[in-house]
Amino acid sequence: MASLSLTTERLLIRDWRVEDADAAFRIYGNPEVAMWLAPMMQRVTDPSAMRSVLEAWVESAPNLAPPTGRWAMVRRSDNVLIGGLALRLLPPYEEDIEIRWQVSQHEWGKGYATEGARALLGWAFTQDVDEVFAVARSSNARAVSTARKLGMEWVGETTKYYGLLLQVFRVRRADFDGPVPPRE
């Protein structure tokens, strides 16, 4: 996969780097953030473990077929890493593409997840993708709200993904109200 760099009004979405470990640990090691990641990802327990996770992400990135991947979300005004974004194949059949977002607890409620995810969706729709899904526990009001702000349509709930009862949201390219960059 080629390197990705997207810029929004407030954010830079870029490839992860191993040197992001300390900042990433403040996100993925935070119990309030990590509780929503399981079972796909468990809470990272220390900076050394986060470094190992980032090493694996960086190493696997070239082998992922676009649009799948994982990216860092950096605030442009001060170059602080404030979150992560991912596009991945949903289990069990690995046909549906899921968008995921994680934001530092100190940055919740500022619209960064919506802004970053909207840019990533726009890019994904240049990669021969017709629809993207988001899944969330109904108790995760922030994720449900972000999916709705992205213009994603609620399509039901299921235990198909991750063995949990999840709310499923979908946005199709034709219905996406964000910018879609020109195809390269």
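The model is predicted, so local features are reported only at pLDDT of at least 70 and side-chain atom pairs only at pLDDT 80 or more, while totals for chains, interfaces and linings use all residues. Residues are numbered from 1 along each chain as its sequence is written, and side-chain values use heavy atoms, with hydrogens and water left out. Helices (H or I, at least four residues) and strands (E, at least two) are DSSP runs numbered from the N terminus.

**Nonpolar cores**

- The largest nonpolar core has 34 residues, of which L87, I99, W101, L120 and V132 touch the most other members; such a core is a set of buried Ala, Val, Leu, Ile, Met, Phe, Trp, Tyr and Cys residues joined through side-chain atoms within 4.5 Å.
- Buried means under 20% relative accessible area, exposed over 50% and partly exposed in between, with a 1.4 Å probe and protein chains only.
- Among the elements that give two or more residues to this core are strand 4 (80-89), strand 5 (97-103), helix 4 (112-124) and strand 6 (131-136), and helix 4 gives the most, with eight residues.
- Leaving aside neighbours within four places in sequence, L87 is in contact (heavy atoms within 4.5 Å) with residues including P67, W71, I99, L120, W123 and V132.

**Helix 4**

- Helix 4 is mostly covered, since 12 of its 13 residues are buried, and these include Y112, E115, L120 and W123.
- The end C-alpha atoms of helix 4 are 18 Å apart, which agrees with the 18 Å that its 13 residues should span at 1.5 Å a residue, where the expected span is 1.5 Å times one less than the number of residues.

**Pockets and cavity**

- On a 1 Å grid over the protein atoms alone, a cavity is a set of points where a 1.4 Å probe fits but cannot get out, and a pocket is an open set with protein on both sides within 12 Å along at least five of seven lines; lining residues have an atom within 4 Å of a point.
- The largest pocket has a volume of about 690 Å³, and of the 36 residues that line this pocket, W101, N140, R142, A143 and T146 lie nearest its centre.
- The second largest pocket has a volume of about 240 Å³ and is lined by 15 residues, of which A23, R26, V80, L81 and I82 lie nearest its centre.
- The structure holds one cavity of 30 Å³ or more, and its lining includes L90, P91, P92, Y93 and K160.

**Backbone geometry**

- Most residues other than glycine have a negative phi, and most peptide bonds are trans.
- The peptide bond from P66 to P67 is cis, with omega near 15°, and P67 is found in the loop between helix 3 and strand 3.
- Another cis peptide bond joins P91 and P92, with omega about 0°, and P92 lies in the loop between strand 4 and strand 5.
- N79, in the loop between strand 3 and strand 4, has a positive phi of about 60° although it is not a glycine, and N79 is exposed, with a relative accessible area of 59%.
- D128, in the loop between helix 4 and strand 6, also has a positive phi, near 60°, and counts as exposed at 67% relative accessibility.

Note on methods: Points joined across faces, edges and corners; volume = space filled by probe spheres on them.
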